[in-house]
Structures are given as structure tokens and as C-alpha cells.
Amino acid sequence: MKSLKNIIALLIISLFTFGTSFADNVDNEITKLRESVENASANDWQVYANAAERCIELRSNLSEAYIWIERAIEIEPNASNLELKADYLVANGANEMAVEAYRTAILKGLSEKGYDVEKAQKKMLSVMR
């Protein structure tokens, strides 16, 4: 029984340490993303889009990520940026709005060389289910 208590205590300490470490890593990464956005040239939409995409992946700093997505779209309203906005909306539970954003991205992407329309269609169908 004593060894079980020791194992549980060790597990709790390990989880706490990992959680703190992970949070520190995320905070450091968000700081680096902010710096990259602050140092971006006025028309470099990719920096804004990449920073926002990483925030969505981390599920962190989402309010600032939305500002970066809107800035990327303002600079370059391409299908990839519109799809990224849809991804953001899905991450925040706004599925109806996300479907519309995917539709817009798909329509725009039909005329853009190299854009993966099928990937966006799959995402949209997934949200619609």
C-alpha cells in the first residue's frame, strides 16, 4: 500500500512538472510568434498567417490569432488565408460560420494554382456532419 502511495505521489509530481514545462514552452513560442509578427514587413501576409496557424495548433492565444488572420486576409485575400479563418472558426465552435468560410475559400481556390481544394472540401464536410 505504501508503494502505491509513492507511485501516485510521483505520478502527480511528474504531471505537474510536465504541465508547467509545457505551459512555459507554449508561452515562449507565443512570444516568438509575436516578435515575428512585429518584425514582419507591411505586406508579408505569410508571417501573419503562419503565426495564427501555429496558435490554432497550440489552441493558445486565439484572440490575437484572429487579428493576425484578419490582417493576412486584408493583405492577401487568398484561399489559404480564408481556409485558415475557417479553421479558426472550427476551433472556436463557430461551425456555421466556418462552413461559409470554407465555401468562400473553395470558390476562391478554384482559380488559384496550387491550392488544395479537395482538402478544404473534406474539412467543410467534416464540419457539416
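How many residues line the largest pocket, and which of them lie nearest its centre?

Tutor: The largest pocket is lined by 15 residues, and nearest its centre lie E53, S80, N81, L84 and K119. Before going further, note that this is a predicted model: local features need pLDDT of at least 70, side-chain atom pairs count only at pLDDT 80 or more, and totals for chains, interfaces and linings use all residues. Residues are numbered from 1 along each chain as its sequence is written, and side-chain values use heavy atoms, with hydrogens and water left out.

A pocket here is an open set of points on a 1 Å grid over the protein atoms alone, where a 1.4 Å probe fits and protein lies on both sides within 12 Å along at least five of seven lines; lining residues have an atom within 4 Å of a point. The space in the largest pocket is about 240 Å³, a volume being the space filled by probe spheres set on the points, with grid points joined across faces, edges and corners. The elements that give two or more residues to the lining of the largest pocket are α2 (45-58), α4 (79-91) and α6 (117-128). Helices are DSSP runs of H or I with at least four residues, strands are runs of E with at least two, and both are numbered from the N terminus. By class, the lining holds 6 charged, 5 polar and 4 nonpolar residues. The classes are nonpolar for Ala, Val, Leu, Ile, Met, Phe, Trp, Tyr, Cys and Pro, charged for Asp, Glu, Lys and Arg, and polar for the others, Gly among them.

Next, a residue from one of these helices. D87 is in helix α4 and counts as buried because its relative accessibility is 19%; buried means under 20% relative accessible area, exposed over 50%, and partly exposed in between (1.4 Å probe, protein chains only). Leaving aside neighbours within four places in sequence, D87 is in contact with I56, Y102 and K123, where contact means heavy atoms within 4.5 Å.

G109, in helix α5, is buried because its relative accessible area is 2%. The C-alpha atoms of G109 and A79 are 5.0 Å apart, at a separation of 30 residues in sequence. Residues up to four places away not counted, G109 touches A79, Y115 and V117. E112 counts as partly exposed because its relative accessibility is 24%.

The loop between α2 and α3 (62-75) contains R59 and N61. R59 has a positive phi of about 55° although it is not a glycine, and N61 likewise is not a glycine but has a positive phi of about 60°. Most residues other than glycine have a negative phi. Their exposure can be stated separately: R59 counts as exposed because its relative accessibility is 58%, whereas N61 counts as buried because its value is 17%.

For context, the protein chain has 6 helices and 0 strands. Of its 129 residues, 33% count as buried. Among contacts between residues at least 6 apart in sequence, 49% join residues at least 24 apart. The accessible surface of the chain comes to about 8,500 Å², with 56% belonging to carbon and sulfur atoms; areas come from the Shrake-Rupley method with a 1.4 Å probe, and for residues only the protein chains shown count as cover.

Last, confidence. The chain averages a pLDDT of 88, and 82% of the residues score at least 70; pLDDT is the predictor's confidence in each residue, from 0 to 100. Confidence is lowest in α1, at a mean of 71, and highest in helix α5 (residues 95-109), at 98. Where pLDDT is low, the predicted coordinates should not be read in detail.
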